[in-house]
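Work through the exercises below with the model open. Try each task before reading its solution.

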Amino acid sequence: MNSPVDALLAAAKDLHAEGVPDVVDGLLEAARDRGASDLHIVPTETALDLSWRIDGVLQHVGQLPRRVAGNVVARLKVLAELLTYRTDVPQEGRIRSGDSTLDMRVSTFPTLFGEKTVVRLLRTSDRLTHVHELGLPQTLAEQLRETLGRRSGLLLVAGPAGSGKTTTLYACLRELVGTGDQPLSLVSLEDPIESVVTGVAQSQVNPAAGFDYATGLRSLMRQDPEVIMVGEIRDRETAETVLQASLTGHLVLTTFHAGSGAEAIGRLADMGIEPYLIRSGLIAILCQRLLRRLCSCSKPASKPASQTADTTPQPSPNPRTATGCSHCHGTGYLGRSVIAEWLDPSEPAIAEGILQQLDSRTLHQTALSTGHADLASAARDAIDAGWTTPEEVVRVLGLRCSEPPAGAVPGDAR
């Protein structure tokens with residue numbers, strides 16, 4: 001916790017309603033300066049707990065007096081243009097600010113002791129603008145560029161929330177805008193639009209008005225698109241519509257919540273999507289995670305990873321350990337980088353497994369038998385390269401053995 005936040009919380013011990021706006025503004029500014037992706041404000045029986053998520057890890061910040069809990073939530077609702085008198089239903093809104101590089105989304109949810117509020121801070125700057133800037137391995141980046149050169153089929157970017165899926169999709173769109181001599185008809189359906197991409201006709205869905213992903217996608221098909229980006233597959237209707245679009249001369253890019261490439265196929269099957277439709281429409285699945293990078297203050301591990309707890313991955317020839325300094329605020333990590341796996345459904349053994357409706361674990365084992373490099377393999381490469389630690393891999397992937405058994409599918413742990 002940095003000193004401005006310490007001072008803010010110390011002054012808030014005697015906080016009353018009239019001082020709430022300044023405290024809320026201070027918290028939002030501190031979260032932005034600290035690089036937080038989310039600010040959590042949770043009411044308890046005795047206080048208002050404050051936490052923020054930095055580099056994927058939730059960190060407790062402090063507390064505000066219980067007596068101002070309602071005032072704090074009300075202030076955020078006013079900023080987000082929400083109904084302050086409705087405390088019994090979830091609400092979502094957006095804080096409009098003069099900072100064009102930051103978009104703040106507010107979500108409220110009723111709980112036992114009052115409304116829990118989460119502010120998501122979305123960076124809208126054009127960093128990581130192209131595929132080569134994502135940090136993907138060269139071979140995988142080349143596969144992604146080759147796939148973007150196709151004009152039909154579905155590219156699925158999979159992973160849990162906060163794994164960088166949307167950043168990858170935006171990089172793909174910018175890659176398509178900036179390549180080739182002939183312009184492409186590029187359209188998107190998003191919820192919300194997190195970054196403006198010049199050259200793409202972007203639309204934001206509005207479920208309350210009946211404008212959801214499936215409805216919007218059916219209408220977009222009549223807009224003569226060549227490439228369609230759909231923010232997320234959330235239900236069977238959207239999945240079917242996306243796959244149908246991919247079979248009718250459109251390249252479709254979308255995201256999907258799944259722990260691995262095999263799990264993505266399994267989830268589509270669980271939604272009731274026909275195996276032949278999955279096999280025919282899917283051209284690739286890119287499944288990714290974000291691992292924290294070691295700060296420059298890291299040191300060589302004092303003993304081999306094989307001598308540490310039995311939850312660590314395969315011993316590394318270059319093990320390093322997180323220490324902590326003022327630059328990384330004592331965490332030992334600074335920033336995150338991506339690890340990923342690339343699953344090709346056209347691989348004969350995998351294609352046959354899809355048509356036979358193999359379960360996710362068996363399908364994953366089948367992919368490994370063909371030489372598929374999964375997330376566990378990518379994680380070991382990251383440890384060997386010395387930019388992350390076995391402990392970080394355990395935190396994100398949940399791997400609990402030195403060598404995952406054949407067919408093991410990393411879970412959704414974040």
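The exercises cover helix packing, ring contacts and backbone geometry in this predicted model.

**Exercise 1. Describe how helix α2 packs on helix α3, from axes to residues.**

Solution. 
- Step 1: locate the helices. α2 spans residues 20-34 and α3 spans residues 69-79.
- Step 2: take the geometry. The axes lie 10 Å apart, and the packing angle is about 70°.
- Step 3: classify the angle. Values from 65 to 115 degrees count as roughly perpendicular. α2 and α3 are therefore roughly perpendicular.
- Step 4: list the contacts. α2 contributes Val20, Pro21, Val24, Asp25 and Leu28. From α3 come Asn71, Val72, Arg75, Leu76 and Leu79.
- Step 5: sort by class. The α2 and α3 contact has seven nonpolar, one polar and two charged residues.

**Exercise 2. Repeat the analysis for helix α4 and helix α5.**

Solution. 
- Step 1: locate the helices. α4 covers residues 138-148, and α5 covers residues 165-177.
- Step 2: take the geometry. Their axes are 11 Å apart, at an angle of about 60°.
- Step 3: classify the angle. That angle makes α4 oblique to α5.
- Step 4: α4 crosses α5 in a right-handed sense.
- Step 5: list the contacts. Leu144, Arg145 and Leu148 of α4 meet Cys172, Glu175 and Leu176 of α5.
- Step 6: sort by class. Four nonpolar and two charged residues make up the α4 and α5 contact, with no polar ones.

**Exercise 3. Characterise the crossing of helix α8 and helix α11.**

Solution. 
- Step 1: locate the helices. α8 runs over residues 261-270 and α11 over residues 360-369.
- Step 2: take the geometry. The axes come within 8 Å and cross at roughly 140°.
- Step 3: classify the angle. Roughly antiparallel needs over 145 degrees. At roughly 140°, α8 is therefore oblique to α11.
- Step 4: α8 passes α11 in a right-handed crossing.
- Step 5: list the contacts. On α8 they are Ala262, Glu263, Ile265 and Gly266. On α11 they are Ser360, Leu363 and His364.
- Step 6: sort by class. The contact of α8 with α11 holds three nonpolar, three polar and one charged residues.

**Exercise 4. Search for aromatic pairs, then examine what lies over the face of Tyr333.**

Solution. 
- Step 1: The search of the whole structure gives zero aromatic pairs.
- Step 2: look over the ring face. Arg292 lies over the face of Tyr333.
- Step 3: read the distance. Arg292 is 4.0 Å from the ring centre of Tyr333.

**Exercise 5. Which residues does a cis peptide bond join, and in which loop does Pro192 lie?**

Solution. 
- Step 1: check omega. The bond between Asp191 and Pro192 is cis, with omega about 0°.
- Step 2: Pro192 sits in the loop between β8 (186-190) and β9 (200-204).

How values were computed. Residues are numbered from 1 along each chain as its sequence is written. This is a predicted model: local features need pLDDT of at least 70, side-chain atom pairs count only at pLDDT 80 or more; totals for chains, interfaces and linings use all residues. Side-chain values use heavy atoms; hydrogens and water are left out. Rings of Phe, Tyr and Trp (its six-membered ring) pair if their centres lie within 6.5 Å; planes under 30 degrees apart count as stacked, over 60 as edge-to-face and the rest as tilted. A charge sits over a ring if NZ of Lys or CZ of Arg is within 6 Å of the ring centre and within 35 degrees of the ring normal. Axes are lines fitted to C-alpha atoms, for helices over the stretch in contact, and angles run from 0 to 180 degrees between N-to-C directions. Helices (H or I, at least four residues) and strands (E, at least two) are DSSP runs, numbered from the N terminus. Angles under 35 degrees count as roughly parallel, over 145 as roughly antiparallel, 65 to 115 as roughly perpendicular and the rest as oblique. A crossing is left-handed if the near helix is turned anticlockwise from the far one by less than a right angle, and right-handed if clockwise. Contact means heavy atoms within 4.5 Å. Ala, Val, Leu, Ile, Met, Phe, Trp, Tyr, Cys and Pro count as nonpolar, Asp, Glu, Lys and Arg as charged, and the others, Gly among them, as polar.
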